[in-house]
Amino acid sequence: MPKWSVRRRPSLLLGAVLLIVCLPVLRRLDWSGLGASLWRRRHLGLRADGQNFKLENSAFWIFGGSVHYFRVPRAYWRDRLLKLRACGLNTLTTYVPWNLHEPERGTFDFSGNLDLEAFILLAAEVGLWVILRPGPYICSEVDLGGLPSWLLRDPDMRLRTTYKGFTEAVDLYFDHLMLRVVPLQYKHGGPIIAVQVENEYGSYNKDPAYMPYIKKALQDRGIAELLLTSDNQGGLKSGVLDGVLATINLQSQSELQLFTTILLGAQGSQPKMVMEYWTGWFDSWGGPHYILDSSEVLNTVSAIVKAGSSINLYMFHGGTNFGFIGGAMHFQDYKPDVTSYDYDAVLTEAGDYTAKYTKLREFFGSMAGAPLPVPPDLLPKTAYDPVTPAFYVSLWDALNFLELPVTSEHPVNMENLPINGGSGQSFGYTLYETTVTASGVLTALVRDRGQVFLNTFFLGTLDYKKKTIVIPTVQGFTTLRILVENCGRVNYGDNIDQQRKGIIGNVYLNDSPLKKFKIYSLEMDRSFLQRFTADKWKPLTEEPVFPAFFLGALSVLDSPYDTFVKLEGWEKGVVFINNQNLGRYWNIGPQETLYLPGAWLDVGLNKIIVFEEKMAQRIIQFVDTPNLGQHEYVH
């Protein structure tokens with residue numbers, strides 16, 4: 001835990017003019033009476049006082065914005081938070097992803113880009129309060145809603161309930177997490193003024209004892225600030241919890257009056273807050289890029305505030321689903337999320353200003369009693385020279401120097417592989433190998449996409465809709481390979497207990513189960529990439545055998561700038577820069593470029609590895625403008 005005094009007063013404590021917004025909100029305010037003396041009286045914290053919030057004895061309006069530290073390079077945290085404050089907002093909200101902080105059972109990571117304490121302290125330093133949303137389930141378009149996949153090793157697991165196997169894991173996680181965040185609460189001199197209890201549980205609502213358990217788990221570990229719930233229209237009536245303030249999630253003005261009526265009936269006269277006003281929406285592979293008009297956003301935000309409600313902009317800045325952290329939706333069809341979490345938010349994926357930012361800053365600024373801070377300059381972007389990979393190695397050749405496979409009589413799903421200290425595999429690909437001696441119809445249940453090969457010959461792809469494939473005539477013992485990709489576990493809905501990935505159950509050839517499998521875990525993390533030493537690569541002088549890894553070098557002569565990787569002519573795969581996983585690309589769109597932060601580039605040569613599943617044009621482009629669809633940029 002970083003060394004700091006729990007009584008240290010961050011710079012926000014001297015910035016009351018920018019942090020406290022008092023009634024009435026529809027005219028300029030006189031905050032001259034709210035001096036530094038207010039901050040010396042930290043007794044009451046944020047609380048409900050009739051229909052209003054109060055911080056100590058002063059009326060308080062929450063004007064918040066969501067930024068997720070795990071979706072933004074740490075080097076850019078300050079830039080994004082300064083832009084949030086300069087927009088006239090006073091509060092940062094962030095989720096906490098359990099699956100990233102406890103990647104293996106009992107092994108915790110709060111370092112680097114996952115340094116939650118540093119992020120919260122930085123928010124205080126730039127003059128922001130914090131509402132923490134620690135879950136354990138967070139939705140957030142993150143794999144399994146932020147729950148660790150190793151929970152699914154238990155065949156009887158019932159997530160988001162008081163099932164013993166789940167609550168024991170939550171208790172251990174909260175033991176570690178709360179030790180870090182309790183000292184950062186308002187009453188301890190920190191910026192956290194409120195904490196959310198779980199997330200949209202009213203839409204799930206499978207165990208009436210669960211939410212009281214989570215509330216108690218937080219309070220027993222020292223959470224003493226205002227507690228909130230957060231629900232959408234479908235779950236609001238079921239999501240109310242005694243002693244906890246209910247808040248609502250919405251996108252349109254038409255929902256506002258309905259929600260207000262429901263809230264009044266559920267909890268009486270209490271402060272109103274829209275915890276998530278959706279400033280845009282997330283995208284799925286193969287779908288459209290969602291756009292929400294900036295004028296509509298301004299009108300809805302204005303209506304929410306005029307109705308006497310506090311508000312949080314979800315998202316203020318979406319960022320990126322770096323690596324494989326993106327989730328999925330599965331109602332009628334399975335729809336995995338794209339790598340970009342641009343969200344058509346107030347700031348773009350790369351942190352640039354939009355028309356929404358300009359209009360909202362003018363709106364919030366009109367209610368401030370003093371000029372807003374000057375927005376930071378845009379971070380520069382550039383288009384680097386294209387790179388042509390000079391070396392490659394086929395996946396089939398790479399198997400010779402990767403970790404030894406697991407051997408099993410039957411297929412084993414990713415989560416139950418005996419690896420990673422008994423925590424299984426969370427992300428990436430898994431390769432299943434066995435032998436066949438006859439042709440026929442192959443049947444398998446794969447999650448989510450399974451490419452089928454005879455030796456190295458590609459036969460086709462199995463997925464949710466296609467569960468069989470014809471095996472042609474073979475001669476003698478032939479290697480059957482099924483390369484399965486976890487495209488993202490569902491993060492919202494009733495079926496989160498059924499999110500095991502890989503091959504589920506047996507593989508059948510002509511209705512007979514195949515046996516004796518070799519199973520390779522291809523997590524494509526840093527330790528995986530470190531096995532690709534210089535002697536393993538082959539010159540790219542002939543037609544490559546796919547799937548394959550391609551190696552190139554990006555030369556940066558001066559200070560590195562942000563850029564966007566464009567893989568026109570490539571089909572589907574993953575991009576790594578200096579062993580950082582930028583995420584997936586897929587030519588079905590809508591996303592056509594991958595965000596490459598300049599903070600992750602070095603002056604000189606930068607190693608680029610592209611894993612391509614099927615085909616490649618052998619050129620990697622770097623452009624200065626993303627292609628996600630139409631955006632209202634402000635340059």
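**Active-site glutamates, pockets and backbone**

Me: Leaving aside neighbours within four places in sequence, which residues is glutamate 276 in contact with?
Reply: This is a predicted model. Contact here means heavy atoms within 4.5 Å. Sequence neighbours up to four places away are set aside. The partners of glutamate 276 are then Tyr95, Arg133, Asn199, Glu200, Ile248, Asn249, Leu250, Asn312 and Tyr314.

Me: Is glutamate 276 buried or exposed?
Reply: Glutamate 276 sits in strand β10, residues 272–278. The cut-off for buried is under 20% relative accessible area. At 4% relative accessibility, glutamate 276 is therefore buried.

Me: Which residues does the UniProt annotation "active site" cover?
Reply: The annotation comes from an unreviewed UniProt entry.

Me: What phi does glutamate 198 have?
Reply: Glutamate 198 is found in the loop between β7 and α6. It is buried, at 1% relative accessible area. Most residues other than glycine have a negative phi. Glutamate 198 is not a glycine, yet its phi is positive, about 55°.

Me: Where is asparagine 579 found?
Reply: Asparagine 579 has a positive phi near 70° and is a residue other than glycine. Its relative accessible area is 15%, so asparagine 579 counts as buried. Its place is the loop between β30 (572–577) and β31.

Me: Which residues lie closest to the centre of the largest pocket?
Reply: The largest pocket holds about 1400 Å³ of space. Its lining has 43 residues. Closest to the centre are Pro103, Phe427, Met524, Asp525 and Arg526.

Me: Which element gives the largest share of the lining of the largest pocket?
Reply: By class, that lining has 21 nonpolar, 15 polar and 7 charged residues. At least two residues each come from α3 (98–101), β26 (517–522), α12 (526–529) and β31 (580–586). The largest share is 4 residues, and it comes from α12.

Me: How many charged residues are in the lining of the second largest pocket?
Reply: The second largest pocket has about 350 Å³ of space. Tyr334, Pro336, Asp463, Tyr464 and Lys465 lie nearest its centre, among 15 lining residues. Strand β13 (residues 334–336) gives the largest share, 3 residues. By class, the lining has 7 nonpolar and 2 polar residues, and the charged count is 6.

Me: How far apart are the end C-alpha atoms of residues 547–606?
Reply: An unreviewed UniProt entry annotates residues 547–606 as "domain: Beta-galactosidase galactose-binding". The chain there is 0% helix and 55% strand. The end C-alpha atoms are apart by 23 Å.

Me: What is omega for the cis peptide bond that joins phenylalanine 546 and proline 547?
Reply: Most peptide bonds are trans. Proline 547 lies in the loop between β27 (538–539) and β28 (548–556). The bond from phenylalanine 546 to proline 547 is cis, with omega about -5°.

Key
Residues numbered from 1 in each chain as written. Predicted model: local features only at pLDDT ≥ 70, side-chain atom pairs only at ≥ 80, totals over all residues. Heavy atoms only, no water. UniProt positions renumbered as here; feature names shortened; annotations may be inferred. Buried < 20%, exposed > 50% of the residue type's maximum accessible area, 1.4 Å probe, protein only. 1 Å grid on protein atoms, 1.4 Å probe; cavity = no way out; pocket = protein on both sides within 12 Å on 5 of 7 lines; lining within 4 Å. Points joined across faces, edges and corners; volume = space filled by probe spheres on them. Nonpolar A, V, L, I, M, F, W, Y, C, P; charged D, E, K, R; others polar.
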